[in-house]
Amino acid sequence: MLLHTFANGDQLHAYGFALVLDFAGPRNVLGTSMLLGGYRQDLRAVYNYDCHPGVGMAPEIDGASIEEHEAKIAAKLGLDPARSCGMETAVPMEHVSIQFARYEDMTVTAIVTAGVEVNGGRVGEAAGWHERGGLSVPANAADTGETAPTPGTINVMLHVNANLHPGCMASALMTLTEAKCAALQERVVPSRYSRGLATGTGTDSAIVIADAESSLALHYAGKHSKLGELIGRTVKRAIHESLEKQSGLSPDKQRSVLRRLERFGIDEDALYARYASEGRGPAISRAWFSAHVSALDVLPDAVAATA
């Protein structure tokens, strides 16, 4: 299904488990993909693929390496693996958000799928795995956790209708990453690995696409430039909308004492156990306790005091 046709002829299609952006001409691409990632001038398409096989099932690598796996995905989508790069996620493609912003003759489009409630983390936290000899191994002898990336990802395609200097494309990648972090801070999203707030997930990816044929040449994508402003606005809006589609993560949902406290290990079970252990009041049923905690949980004064 055709979702959008850009002014330069590029087309965004939805193919069931994937979004595919086909190029109508030469494009400069900077991406984090293992398959043809980095700075490229020879690509003809990029994709975002839902790799989750189903409820209770873990994604599997189809091939001897990530590159071979991603090449097979490209081929499955009818793309040339030698001219394509992409991203993977466990977020369904119907939860995509597409946001546009314009200034004079410049247009910026953010195409985002976002999931953070399972795999959200804060940069700099202790990692669970390490690459050694091309294999994923526990990061230390005591670690018995995951030895491969956990599903739960924020994937960003950023399409700019201008010819961006290579350094500008790197700056755009930096600015969209800042926008991602800002969006998660605005939603007060907790890390699942510490008491900090999340800055992303452990498997986030991004692809920046610039039009090599455009007569509009741009060299700066920092926050003081209009391009940087538009990148920040579109990426933040898209992440907010996709998170709400994916898990209902919205300002209303975050207006909660317990959601503010969960990263400190405080939940309803912990509160009831504390009440029962102290024995300073009359014995009450768990159902009564739960009903009253639910009512108190969303009181504006309680949420404000907790925050």
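This is a predicted model: local features need pLDDT of at least 70, side-chain atom pairs count only at pLDDT 80 or more; totals for chains, interfaces and linings use all residues.

Residues are numbered from 1 along each chain as its sequence is written, and side-chain values use heavy atoms, leaving out hydrogens and water.

Six strands make an open, mixed sheet in the order 5-4-16-13-9-8. Strands here are DSSP runs of E with at least two residues, helices are runs of H or I with at least four, and both are numbered from the N terminus; two strands pair if DSSP finds at least two bridges between them. Select 38–40 and 97–103: these are strands 5 and 8, the edges, each with a single partner strand, so one side of each has no neighbour in the sheet.

**Stop two: inside the sheet.** Select 27–31 and 205–211, strands 4 and 16, which run antiparallel and are joined by five bridges. Gly-31 has Ile-207 of strand 16 as its bridge partner.

**Stop three: two helices.** Now select 268–278 (helix 6) and 286–297 (helix 7), whose axes are 11 Å apart at an angle of about 125 degrees. Axes are lines fitted to C-alpha atoms, for helices over the stretch in contact, and angles run from 0 to 180 degrees between N-to-C directions. Show Tyr-272 and Tyr-275 of helix 6 with Phe-289 and Val-293 of helix 7, which are among the residues making the contact (heavy atoms within 4.5 Å).
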